Amino acid sequence: MDETVAEFIKRTILKIPMNELTTILKAWDFLSENQLQTVNFRQRKESVVQHLIHLCEEKRASLNDAALLDIIYTQFHQHQKVWDVFQMSKGPGEDVDLFDMKQFKNSFKKILQRALKNVTVSFRETEENAIWIRIAWGTQYTKPNQYKPTYVVYYPQTPYAFKSSSTLRRNTPLLGQTFETHNSTTPLQERSLGLDINMDSRIIHENKVEKERVQRITQETFGDYSQPQLEFAQYKLETKFKSDLNGSILAEREEPLRCLIKFSSPHLLEALKSLAPAGIADAPLSPLLTCIPNKRKNYFKIRDK
């Protein structure tokens with residue numbers, strides 16, 4: 001078993017409360033009943049985890065096996081997530097397609113992997129006829145981040161899909177195009193992105209109040225007009241090391257610690273303005289970033305008071 005898979009399984013098991021561990025492992029159905037009986041679930045959790053990892057190594061667990069365990073954990077704790085609800089609609093004159101599960105999985109995965117080289121997709125069917133889809137996103141140059149996935153719950157032959165809110169909102173349009181290509185439906189997009197969607201008036205976003213707050217703060221900070229064009233901003237930090245611990249080498253250092261940070265973009269201020277609405281940063285942004293237009297400079301030196 002690969003070390004990254006072992007670490008992935010370990011982190012997932014550590015998240016599971018001890019009173020749910022046996023139930024979730026049985027639902028996972030990767031380890032046999034006989035194997036689970038060899039585990040002493042009354043000992044310290046660290047010891048239980050080590051034993052379970054050893055059993056997974058013996059069975060050569062794959063990345064997909066680890067992803068399924070994570071899906072099951074998320075199913076047990078789905079109430080802890082914020083979900084966006086989407087409605088898809090057929091074009092005029094289009095009939096409801098007969099649903100083929102195998103074709104759907106193959107098609108969904110191929111479409112995503114064609115658009116983005118580094119992405120892993122896992123599926124789990126439930127007794128309620130829902131398909132849970134787990135997507136770990138990478139980029140053209142980085143491997144998928146298994147610890148920041150997107151979950152989609154899709155009920156075949158219904159117009160609704162449910163997507164967990166994620167900081168990686170840039171991938172929402174790609175996900176919508178995947179459903180559109182497979183189902184020949186209208187794009188699966190959020191209204192907040194300014195894209196067309198036929199949304200049932202009875203469906204509301206759980207995080208609507210937060211989105212409105214972010215939009216209001218962004219407008220108060222940057223205004224509702226185009227920002228001046230600026231390509232970079234540079235910050236030089238000089239600070240003394242501070243610690244409550246005595247005898248530290250850095251604490252005895254007289255020279256300040258120095259650090260240089262540079263932000264660059266073809267249109268930096270517009271990029272900063274879009275960070276919070278896109279879910280990439282919290283609102284309000286740091287005054288060190290929002291003060292650029294008022295101070296009319298893009299070189300800053302930050303020192304201890």
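## Helix α1 against helix α5

In this predicted model, helix α1 (residues 3–15) and helix α5 (residues 63–76) have axes that come within 9 Å and cross at roughly 15 degrees. That makes α1 roughly parallel to α5, the word for angles under 35 degrees; over 145 counts as roughly antiparallel, 65 to 115 as roughly perpendicular and the rest as oblique. Axes are lines fitted to C-alpha atoms, for helices over the stretch in contact, with angles from 0 to 180 degrees between N-to-C directions. Helices (H or I, at least four residues) and strands (E, at least two) are DSSP runs, numbered from the N terminus. The crossing of α1 and α5 is left-handed; a crossing has this hand if the near helix is turned anticlockwise from the far one by less than a right angle, and is right-handed if clockwise.

On the α1 side, the residues in contact (heavy atoms within 4.5 Å) are Val 5, Phe 8, Ile 9, Thr 12, Ile 13 and Lys 15, and they meet Leu 63, Ala 66, Ala 67, Leu 69, Asp 70 and Tyr 73 of α5. By class, this contact of α1 with α5 has nine nonpolar, one polar and two charged residues. Ala, Val, Leu, Ile, Met, Phe, Trp, Tyr, Cys and Pro count as nonpolar, Asp, Glu, Lys and Arg as charged, and the others, Gly among them, as polar.

## Helix α1 against helix α4

With helix α4 (residues 45–58), the axis of α1 comes within 10 Å and crosses at roughly 140 degrees. That makes α1 oblique to α4. The crossing of these two helices is right-handed.

From α1, the residues Ala 6, Ile 9, Lys 10, Ile 13, Leu 14 and Lys 15 meet Lys 45, Val 49, Leu 52, Ile 53 and Cys 56 in α4. The contact of α1 with α4 divides into eight nonpolar, no polar and three charged residues. Ile 9, Ile 13 and Lys 15 of α1 are listed in this contact and also in the one with α5.

## Helix α2 against helix α5

Helix α5 also packs against helix α2 (residues 18–28), the axes coming within 10 Å and crossing at roughly 130 degrees. That makes α2 oblique to α5, and α2 passes α5 in a right-handed crossing.

Thr 23, Ile 24, Ala 27 and Trp 28 are the α2 residues that meet Asp 65, Leu 68, Leu 69, Ile 72, Tyr 73 and Phe 76 in α5. In this contact of α2 with α5 there are eight nonpolar residues, one polar and one charged. Leu 69 and Tyr 73 of α5 meet residues of α2 and also residues of α1.

## Backbone features in loops

Two residues other than glycine have a positive phi. Arg 60 lies in the loop between α4 and α5, and its phi is near 55 degrees. At 69% relative accessibility, Arg 60 is exposed; exposed means over 50% relative accessible area, buried under 20%, and partly exposed in between (1.4 Å probe, protein chains only). Arg 296, in the loop between α11 (292–295) and β8 (299–303), has a phi of about 55 degrees. Arg 296 is also exposed, with a relative accessible area of 78%.

A cis peptide bond joins Ala 283 and Pro 284, with omega about 0 degrees. Pro 284 is in the loop between α9 (268–275) and α10.

Ser 226 sits in the loop between α8 (208–222) and β6 (232–239) and is exposed, at a relative accessible area of 62%. Its C-alpha atom is 9.1 Å from that of Leu 269, 43 residues away along the chain.

Leu 288 belongs to helix α10 (residues 287–290) and is partly exposed, at 39% relative accessibility. Beyond its neighbours within four places in sequence, Leu 288 is in contact with Tyr 235 and Ile 302. The C-alpha atoms of Leu 288 and Ile 302, 14 residues apart along the chain, are separated by 9.5 Å.

## Whole chain

The protein chain has 11 helices and eight strands. Of its 305 residues, 40% are buried. Among contacts between residues at least 6 apart in sequence, 65% join residues at least 24 apart. The accessible surface comes to about 19,000 Å², with 50% belonging to carbon and sulfur atoms; areas come from the Shrake-Rupley method with a 1.4 Å probe, and for residues only the protein chains shown count as cover.

## Basis of the values

Residues are numbered from 1 along each chain as its sequence is written, and side-chain values use heavy atoms, with hydrogens and water left out. As the model is predicted, local features need pLDDT of at least 70 and side-chain atom pairs count only at pLDDT 80 or more, while totals for chains, interfaces and linings use all residues.
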